[in-house]
Amino acid sequence: MREVELLEHLQKSIGSGAVSSAPVQKRKISLTIEPAVLRKAVEVLLKHQPRFVIIAAVDAGMDVDLLYHFDVKGVVVVLKTTVVKEASEINTIVDLVPAAEWAEKEAAELFGVNFRAHPKPGRLLLPEGWPSDRPPLRGPFKRALPEQFCPVAESLVSTGVTGPMSPLMQRRREEKGLPPSPPASFSSDASLREVQELMRRTGFDEKAGYDWEKKRLRHK
Amino acid sequence: MIPQRIPSVELATRGVLECIGVDAAELPGYACCPDPVVARLMDRKMWLALSARNLALAEGMGLDLLVLCNGCYETLTEANEILRREPEARKETSDILAGLGRAYEGTVEVKHVVEVMHEEVGVGKIEKLVKRPAKLRLAVHPGCHLFREAGGGDIWRKPKQLEELALATGAEVVHCKLDRLCCGFPMMQVNEELALKRNLLPKLACYQELAVDAVVAPCPTCIVQFEAGQMLLRKYGARYNLPCLHIVEFLALALGIPAAELGLELHRSPVEQLARKMG
């Protein structure tokens with residue numbers, strides 16, 4: 001089955017940058033990739049002589065999803081990647097696939113995505129004078145969770161408990177002869193790592209919009 | 001909640017368990033239960049997996065779980081039931097736990113401290129151990145999740161046990177028509193004013209009319225709501241200063257554990273004054 005072979009070739013060539021794939025359908029494969037490996041994925045795909053179809057941009061609340069559609073001898077190949085709204089940047093593929101020039105310009109105008117090193121940035125659809133900071137199809141930063149739940153979500157992902165232990169309470173506990181912290185998930189590195197891994201495996205970190213580098217929820 | 005917000009409950013529990021001869025061990029590495037309302041609404045898969053991990057930790061120690069909180073009781077009991085009766089959820093959760101190097105076989109029983117005090121220790125034994133009889137009028141707020149009963153059992157079993165424990169101290173328990181009304185804590189996340197005015201305020205008014213000396217609850221979350229809520233209600237012109245404490249703290253006082261050892265000053269309602277009233 002050539003769909004399976006094509007998917008496996010892409011996954012093997014891209015390596016860890018290939019995040020996941022949808023179930024293979026007749027004449028369609030879909031692979032989710034890290035934005036950093038987009039150009040590498042396209043280069044691999046070019047070996048199969050694809051026809052570029054379109055880039056579909058989708059506002060996903062906290063992110064903008066970009067779905068690069070190609071046609072490889074009758075099989076639709078979708079490379080899905082995501083740019084976070086805080087940065088909204090990704091490398092251009094126009095130098096690899098010239099036909100993507102207008103599609104990138106369209107996503108740039110309507111969704112506010114900056115395609116780095118695009119050879120001819122500028123207007124495509126919107127009238128002159130349209131403010132560049134108001135892409136019409138880009139919605140506001142919106143989480144999957146209600147804002148009121150964010151402090152609880154942040155604390156759960158980072159420590160495994162719904163409320164942090166304050167230094168003041170630690171002192172008060174000690175004054176009363178209690179250990180400053182109970183033997184909870186946040187009190188040992190091993191337990192904390194385990195709980196954080198659980199958050200990753202359940203996908204709750206992603207749903208809550210947790211930034212592991214900054215150790216907090218993403219903000220607008 | 002208890003270690004971070006009202007460690008006096010932790011102190012009281014250690015004291016009471018020692019006093020009545022119950023040997024309990026801590027659960028190293030435990031995470032939040034997590035709470036049965038907000039966490040479950042946010043993400044059921046995460047809620048179940050985190051709860052199952054706690055159950056797995058207890059199973060690894062070969063022990064049942066004693067909980068001091070209605071929310072913990074509901075979550076852990078529900079998680080246990082779901083893992084027993086929903087094969088798909090069990091498979092999904094087992095896979096997550098396996099990735100952490102853990103497994104849960106479903107052998108742990110979750111028991112609320114009210115059940116343990118009533119069924120394992122017994123009201124008679126507690127009555128005999130009381131050194132400081134409580135000559136007080138008490139309102140007993142069972143909290144919503146204490147009514148949770150697995151397997152279609154009597155939902156009033158634990159609330160009645162709670163009342164009997166309070167009576168064992170010599171206190172008079174008075175009832176109001178709003179005993180079953182939620183304290184309003186979960187609603188605080190969404191609409192603070194509504195939670196305070198529609199839930200907490202009518203209860204406080206009812207208790208004041210009955211001239212109770214204190215409110216006893218088996219749940220730290222309800223206690224936080226009663227205490228912080230009384231302070232927050234001042235901005236709406238309602239002034240109440242009713243002591244609110246955990247049933248285990250009340251038992252600790254009645255069993256003669258010195259108030260000074262219980263950290264009652266960490267409460268945000270006049271629990272220390274109540275302790276002085278008890279002598």
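How many salt bridges does the structure hold over all chains? The structure, a predicted model, holds 37 (a salt bridge is a side-chain nitrogen of Lys or Arg within 4 Å of a carboxyl oxygen of Asp or Glu).

**View 1. Salt bridge between Asp59(A) and Lys85(A).** The closest N and O atoms are 3.0 Å apart. Asp59(A) sits in strand 3 (residues 51–59) of chain A, and Lys85(A) in the loop between strand 5 (75–84) and strand 6 (89–91), 26 residues apart. Helices (H or I, at least four residues) and strands (E, at least two) are DSSP runs, numbered from the N terminus. Lys85(A) is buried at 8% relative accessibility, while Asp59(A) is partly exposed at 26%. Buried means under 20% relative accessible area, exposed over 50%, and partly exposed in between (1.4 Å probe, protein chains only).

**View 2. Salt bridge between Glu86(A) and Arg218(A).** Here the closest N and O atoms are 2.7 Å apart. Glu86(A) lies in the loop between strand 5 and strand 6 of chain A and Arg218(A) in the segment after strand 9 (216–217), so the pair ties together parts 132 residues apart in sequence. Arg218(A) is buried, at 11%; Glu86(A) is partly exposed, at 39%.

**View 3. Salt bridge between Glu194(A) and Arg102(B).** The N to O distance is 2.4 Å. The pair joins two chains, because Glu194(A) lies in helix 6 (residues 189–202) of chain A and Arg102(B) in the loop between helix 6 (87–99) and strand 2 (110–112) of chain B.

**Notes.** Residues are numbered from 1 along each chain as its sequence is written, and chains are lettered from A in the order in which they are written. Local features need pLDDT of at least 70, side-chain atom pairs count only at pLDDT 80 or more, and totals for chains, interfaces and linings use all residues; side-chain values use heavy atoms, leaving out hydrogens and water.
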